[in-house]
Amino acid sequence: AAAGWGRRGGSALLRGAVGAAPGRSCSSGAPVRAPSAAAQELQSSGGRRFLLEHAAPFSAFLTDSFGRQHNYLRISLTEKCNLRCQYCMPEEGVQLTPKSELLTAQEIISLARLFVKEGVDKIRLTGGEPLIRPDVVDIVGQLYKIEGLKTIAVTTNGINLARLLPRLKEAGLNAINISLDTLVPAKFEFIVRRKGFHKVMEGIHKATELGYRPVKVNCVVMRGFNEDELLGFVDFTKDLPLDVRFIEYMPFDGNKWNFKKMVSYKEMLDTIKQRWPELEKLPCEASSTAKSYKVPHFQGQISFITSMSEHFCGSCNRLRITADGNLKVCLFGNSEVSLRDHLRSGASEEELVQIIGAAVGRKKKQHAGMFNISQMKNRPMILIGGFPVSKMYSHVTFFFPPEPALMSFPLCQDALQNPPNSKQWGHTFSHRLTLRASLPKQMGKALMKNKCLEASPVGQVSVDCQSKETSPGSEFSTRDSGSSAKVPRASDNLTHTDEEGRATMVDVGGKPDSRRRAVAGAVVRVGEKAFGMVRQNQVKKGDVLAVAQIAGIQGAKLTSQLIPLCHNIPLNHVEVSLSLDEARYAVVIRSSCQTWGRTGVEMEALTAASLAALTVYDMCKAVTHDIVIEEVKLLSKTGGQRGDFSRV
């Protein structure tokens with residue numbers, strides 16, 4: 001038995017003996033060796049005691065100057081992702097590394113084998129999104145063959161998990177982390193700019209069905225976004241063997257980190273204990289990054305990753321290899337060493353070990369040696385593959401005023417119990433939010449790609465994209481009295497019907513591009529009681545004005561889907577403003593839309609005003625049905641061949 005021991009002595013043989021499973025096959029079809037008689041003997045208590053007494057010391061190359069032993073390696077398989085999460089990517093997106101400069105599967109396995117020989121016994125595959133790499137199952141299978149490797153894990157957004165997990169498990173995957181920051185389907189789509197909530201839930205349920213214990217669910221908690229879902233996530237562990245891990249929001253290049261957005265571990269714990277005072281603290285390993293708790297009689301548990309408020313640098317045992325082959329010894333540091341270049345230049349195994357050892361030896365005591373990590377310069381999270389500062393809007397970030405705006409989304413319980421059929425959702429936003437969407441004048445596709453969601457000092461929330469161009473004045477009076485219209489000469493014919501009277505879309509291909517702007521308005525009379533509740537923000541469904549504003553903005557962007565013959569227009573600017581008119585007990589709505597194109601945006605402005613008005617009705621109807629929507633009208637338009645229009 002001694003003759004077969006690897007570089008690290010008997011401990012490697014023990015890991016290989018324990019990890020092997022008789023009858024299992026990897027993806028290549030090669031049978032996995034069954035434990036030999038010697039290995040079975042080593043697994044006895046006497047064998048374990050012998051190994052502990054005679055095992056070689058932990059590799060000096062993976063031990064830093066502070067005595068931390070690094071036995072956990074995270075390998076990023078790709079920089080690509082099938083979601084577009086806001087605080088995972090910088091505002092301007094990321095420049096992907098050419099494929100030729102990424103590690104090949106064979107290079108990944110070679111480096112993994114070298115690290116395991118030196119003492120690594122756990123490897124986690126990350127991204128980007130690792131499960132979009134075509135050869136991920138084969139990579140897992142090859143890793144499973146490495147003697148001494150005890151754990152092969154993956155961190156995934158869960159979109160492809162249900163489809164691939166049976167093959168991954170057969171290949172040797174034995175631990176799963178799934179990123180999920182909300183239990184509300186609508187909010188999920190808002191976060192990641194893609195559909196897929198039910199696929200993620202299906203993946204979670206598939207993992208539990210296949211026997212993974214626990215299935216770890218990573219949730220990055222941010223003030224004003226999802227801290228109101230803490231109790232829902234805890235309740236998620238009641239009937240499922242999950243470990244929901246609440247991660248403190250961390251700074252990375254491009255995510256516009258703000259201390260006010262961070263919810264600390266103690267604050268989260270206090271909130272949860274108010275609901276479950278019987279919450280129990282669980283023991284944890286010395287190198288664990290998580291503080292774990294459990295509600296008695298719940299199948300699962302919860303954990304807190306306190307990387308900001310109570311860092312765990314003193315017990316850090318992690319190293320990272322990026323998709324382009326760079327070794328990072330600290331998640332927060334920007335210091336990297338290219339193992340790929342050395343590998344491709346023909347460096348020997350001993351030379352690679354020396355290079356790795358030198359990098360590990362330079363590792364700082366904590367947070368890459370920085371006093372204030374919020375000012376650090378580092379890769380965007382999407383290119384690192386650390387804790388996913390995960391799924392929050394395609395290139396969108398939040399800035400909050402001194403009193404942070406809160407976004408509250410009621411939990412969709414149906415989605416938890418029946419993920420494929422979940423339909424219920426709702427949301428609540430804070431008072432007096434205004435959303436501006438500024439896009440470049442020229443766009444190849446009429447798609448909204450919101451880049452940045454931020455709040456101004458007066459409590460507005462704005463979405464700014466590449467163009468910072470401001471729009472003309474957007475102040476509106478609270479009512480229209482005695483209005484008259486300056487109406488340009490209209491066409492004598494209906495433009496949306498053909499010669500036979502059938503509906504048709506107008507061909508605007510021959511029209512010149514010009515700046516076009518339209519303003520519309522609406523008034524919702526809600527009565528004295530509902531008006532008072534709206535003003536005091538006491539309506540049970542939530543903040544009426546804020547939700548109506550968001551609904552109006554969404555309506556403007558969806559006009560071509562709601563009005564059959566409208567063109568799909570790339571909007572440069574959308575603004576919805578709501579004010580209260582106490583004399584009429586009314587909510588006064590004004591909407592403004594702007595584009596640079598060949599057709600006007602009157603319908604977009606009218607749709608925005610109408611959707612905002614309908615939302616006010618919907619949120620107030622529990623108080624009274626004596627609600628009147630009136631004065632839905634176009635107030636002004638500029639641009640186009642027919643000239644300008646204005647109600648004076």
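**Core, strands and a helix**

Reply: In this predicted model, Leu-143 touches Ile-109, Ala-112, Ile-123, Leu-125, Leu-149 and Ile-152, leaving aside residues up to four places away in sequence. A contact here means heavy atoms within 4.5 Å.

Me: Which residues have the most contacts inside the largest nonpolar core?

Reply: They are Phe-115, Ile-123, Leu-143, Leu-180 and Phe-246, in a core of 95 residues. Helix H4 (residues 105–118) gives the most to this core, contributing seven residues. A nonpolar core is a set of buried Ala, Val, Leu, Ile, Met, Phe, Trp, Tyr and Cys residues joined through side-chain atoms within 4.5 Å. Buried means under 20% relative accessible area, exposed over 50%, and partly exposed in between, with a 1.4 Å probe and protein chains only.

Me: How many residues does the other core have?

Reply: That core, which lies apart, has 35 residues, among them Ala-556, Val-574, Val-576 and Ala-613.

Me: What conventions apply to the numbering and the values?

Reply: Residues are numbered from 1 along each chain as its sequence is written, and side-chain values use heavy atoms, with hydrogens and water left out. Because the model is predicted, local features need pLDDT of at least 70 and side-chain atom pairs count only at pLDDT 80 or more, whereas totals for chains, interfaces and linings use all residues.

Me: Next topic: why is strand S19 described as largely enclosed?

Reply: Eleven of the twelve residues of S19 (residues 586–597) are buried, so the rest of the structure largely encloses this strand. Helices (H or I, at least four residues) and strands (E, at least two) are DSSP runs, numbered from the N terminus.

Me: Which strands pair with S19?

Reply: Strand S17 (residues 514–525) runs antiparallel to S19 and is joined to it by twelve bridges; Ser-514 has Gly-597 as its bridge partner. Strand S18 (residues 571–581) also pairs with S19 in the antiparallel sense, over ten bridges, and Val-576 stands opposite Ser-591. Two strands pair if DSSP finds at least two bridges between them.

Me: What about the hairpin of S18 and S19?

Reply: Four residues lie between its strands, and Tyr-585 takes a positive phi near 50°.

Me: And helix H15, is it mostly covered or exposed?

Reply: H15 is mostly covered, with twelve of its 14 residues buried. Those buried residues pack against helix H14 (527–535), helix H16 (559–562), S18, S19 and helix H17 (602–620).

Me: What caps the N-terminal end of H15?

Reply: Asp-543 does: one of its side-chain oxygens lies 3.3 Å from the backbone nitrogen of Leu-545.

Me: What is the strand order in the open sheet of twelve strands?

Reply: The order is S7-S8-S9-S6-S5-S4-S3-S2-S1-S10-S11-S12, with mixed pairing. Strand S7 (280–281) and strand S12 (337–338) are the edge strands, each pairing on one side only. Within the sheet, strand S4 (residues 175–179) and strand S5 (residues 215–221) are parallel, paired over three bridges.

Me: Finally, what is the average pLDDT of the chain?

Reply: The chain averages 75, and 67% of the residues score at least 70; pLDDT is the predictor's confidence in each residue, from 0 to 100. Over residues 386–491 the pLDDT is below 50, although this stretch has 326 contacts in the model beyond near neighbours in sequence. Where pLDDT is low, the predicted coordinates should not be read in detail.

Conventions: Polar contact = N/O pair within 3.5 Å; in protein donor to acceptor, adjacent residues only side chain to side chain.
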